[in-house]
Amino acid sequence: MGDRIVRSMRLRRAAAGALLIVLMLSVAAPALAMSTSRITIDQKTGGLQTRFTYQATADEDAGVDRIDFLFPEGFDTEDVYVELTLLDGLKRIKADYEVEILESGAVSISFDPAVPAKSNLFIEVYDVITPIAGGTYEIPVEYEAVTTDDDTETRKDPGLTVTYATPPRQEALSRWLENQSLVRSWNSVKFLNIFFKPQHIVVAFPLLFKGWLKSLSLVLLAFPISIIGGLLIAFMKMAKIAPVRWIASVYINVIRGTPLFLQIFVVFIGFRTIGIRLPDFLSAVAVLSFNSSAYLAEIFRAGIQSISRGQFEAASSLGMTYWQAMQHVIIPQTVRRVLPTMTSEFILLFKDTALLAAVGIFELMMYSQNYVARNANLTAFTVAAIYYLIITIPLINLVGRLEARLAQSEGGSSAPPKGRHKRGVLLGSGAAAPEGAPAPGLGPAVGSGPQVDFDHSAAKHESR
Amino acid sequence: MADAIVRIKDLHKAFGSLEVLKGVDMDVQRGEVVVILGPSGSGKSTLLRCVNRLEEPTGGEIWFEDVQVNSPKTNINEVRERIGMVFQSFNLFPHLTAKGNVMLAQRKVMKRDKAEAERIAVEQLTRVGLADRVDYFPAQLSGGQQQRVAIARALAMDPHVMLFDEVTSALDPELVRGVLDVMKELAKAGMTMLVVTHEMGFARDVATRAVFMDGGVIVEEGSPAEVFDHPQHERTKDFLGHIS
């Protein structure tokens, strides 16, 4: 049993070897001269360590005792090494050779004994560093041919070129950084190397930008939808008809009572299973909206109910309808009150877009994860963090300022309009006193304190 | 009785099992200033709030001009447009300036155009002595000033009746005067007013009728002089003795 497996593996390896040989033969098929040879490189962009592969067939009339690869100016061959395969027909021939790297950068391979005429040559020159600038470079190849009468002459294998592109600017920069001594010493500190490697910073920043835009567009689409949804659910929760209130309650409790992570899987996998198939981006917007609507609904409801009943009564006593009162009196005040909490919710939602990486949405987190996986370095996480912070820090500041402004305006301590004389005695807007409570002369105003009964922390929710 | 603007017949109001009004009858003639007195919990504020149906009566009838206020067929918003109300806690809209407060319902309910609403707002604010405060926000005004804005806001709707629900109770004593002065002016100009108050001086000077309530019923009513100087009922005497 085990024997058989080993044998079959051997067979397969042999088959692969044969295939390689056939391929080489087919490339060099016409077998006229070395001039039918070719050079290929592994990398598509410049500025990288790469392998040069040279394939050729020796001339019919002469063996070869030396091949020189005359790499042009700009190619770095300092650390190259060479591997070589020599075939006579289908038979592999043992080749003894020496590699010399000349002052000029040329790589010279000498054979002893000389490679017989008509042999197939397969030479790999590893770790050549190409110039960054892309284009087509001619790699002149010269060889010393040994004719049958033991004469030697230098022949050329002209017209061999390699072509590659200039790398994107950030990669060029990254490769340039690679060689700076300052960068090297920076990277010698393990922590800096792992989290703040300059070579990765310059590449990851432009790369992750796309993910950042995706995250941002997800939240910028989902949040307005959530505001509408949240208002709707908030009004449902305050409806006169009990079943409507129940529906809203169930929705709010289920969404707030389960992790967003689970909701994402339900939408992405569950919906698909029952045949609802939306584009991934739309599914992502949908699940974020579903989630945020529930939180916003509670924020709005708390906000609306924090507006004193007197406001509604005053509007009603002036003949305004329920919706007029809502639109012109209650909602504008609610907006001011819930703005800080809403902004916090926006921040949470923006950060939560990261969870969508789990279902393959290419947002910021996904980009950084991929980058980290590819490069075995955590710098992309740092870059992602910076991208998140670019949005969240200013908003966190804004929340603070909004809260301060709210406290000030509701506390009634704001300054009078510009250019006007000072206000007189000042009292906060009075809170409603129970009917007939104070008898005259029993003391000062009942409502001398500010009327801020909306507890922001009540509407906030822990991170989820 | 033909000219009665508000007619209340056997009005009952209960909050759950708590009966606050136990059968109140009252007619208010055009131009009358009726002051309603009574101890805490006597139902006087509830009575007032039933007139524009901020509280839904549980029994009896309320008529305003030729409309039954507590009939389901009545468009209550149309009725409320003509009944001004001022609250103990001012209830100004804090997100609007004094002028904005006075303009809002004119624009949205009466559909006055902006220029006219603004003109009337400034006119009414001037009338209550706040010509120089039109662009102030409520939070920048004293309690007395806020209450006067609230009065201007109600007056701008050209109400036929004004309801005042303990409008000076939330004010510092030194601010009460300005509000009462405005109300006096209003009474002098012939406005029909229902006033729940503890301001005896005001009641004596301005009211055409004083009504004393206790336990959800009217105990005694008459001219202020009669009620204050010669109360007939023990409860009235008791109450007046306590507060003066």
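1. A word on burial before anything else: with a 1.4 Å probe and protein chains only, a residue is buried under 20% relative accessible area, exposed over 50%, and partly exposed in between. By that scale A:Asp68 is buried, as its relative accessible area is 7%.

2. Some ground rules for reading the rest. This is a predicted model, in which local features need pLDDT of at least 70 and side-chain atom pairs count only at pLDDT 80 or more, while totals for chains, interfaces and linings use all residues. Residues are numbered from 1 along each chain as its sequence is written, chains are lettered from A and ligands numbered from 1 in the order in which they are written, and side-chain values use heavy atoms, with hydrogens and water left out.

3. Back to A:Asp68, which sits in strand β3 (residues 62-69) of chain A; helices (H or I, at least four residues) and strands (E, at least two) are DSSP runs numbered from the N terminus. Which side chains does the side chain of A:Asp68 contact? One is A:Arg66, through a polar contact of 3.0 Å, and another is A:Ser108, at 2.6 Å. A polar contact here is a pair of N or O atoms within 3.5 Å; within protein, one must be able to donate a hydrogen and the other to accept it, and residues adjacent in sequence count only if both atoms are side-chain atoms.

4. Strand β3 belongs to an open, antiparallel sheet of five strands in chain A, ordered β6-β7-β3-β10-β11. Its edges are β6 (97-101) and β11 (152-157), each pairing on one side only. Two strands pair if DSSP finds at least two bridges between them; β10 (residues 141-147) and β11 of chain A have six, in the antiparallel sense. Across that pairing, A:Glu144 stands opposite A:Thr154 in β11(A).

5. Please look at the backbone in a few places. Most residues other than glycine have a negative phi, and most peptide bonds are trans. The peptide bond from A:Asp112 to A:Pro113 is cis, with omega near 0 degrees, and A:Pro113 lies in strand β7 (residues 107-115) of chain A. A:Lys118, in the loop between β7 and β8 (120-129) of chain A, has a positive phi of about 70 degrees. In chain B, phi of B:Glu65 is near 50 degrees; B:Glu65 is in the loop between β4 (59-64) and β5 (67-68) and is buried, with a relative accessible area of 15%.

6. Is B:Asp113 buried or partly exposed? B:Asp113 is partly exposed, at 46% relative accessible area, and is placed in the loop between α3 (98-108) and α4 (114-127) of chain B. A polar atom of its side chain lies 2.9 Å from the backbone nitrogen of B:Glu116.

7. Last, the cavity lining. Helix α7 (residues 260-273) of chain A gives the most to the lining of the largest cavity, with four residues. Among the lining residues are A:Phe268, A:Arg272 and A:Ser283.

Key. 1 Å grid on protein atoms, 1.4 Å probe; cavity = no way out; pocket = protein on both sides within 12 Å on 5 of 7 lines; lining within 4 Å.
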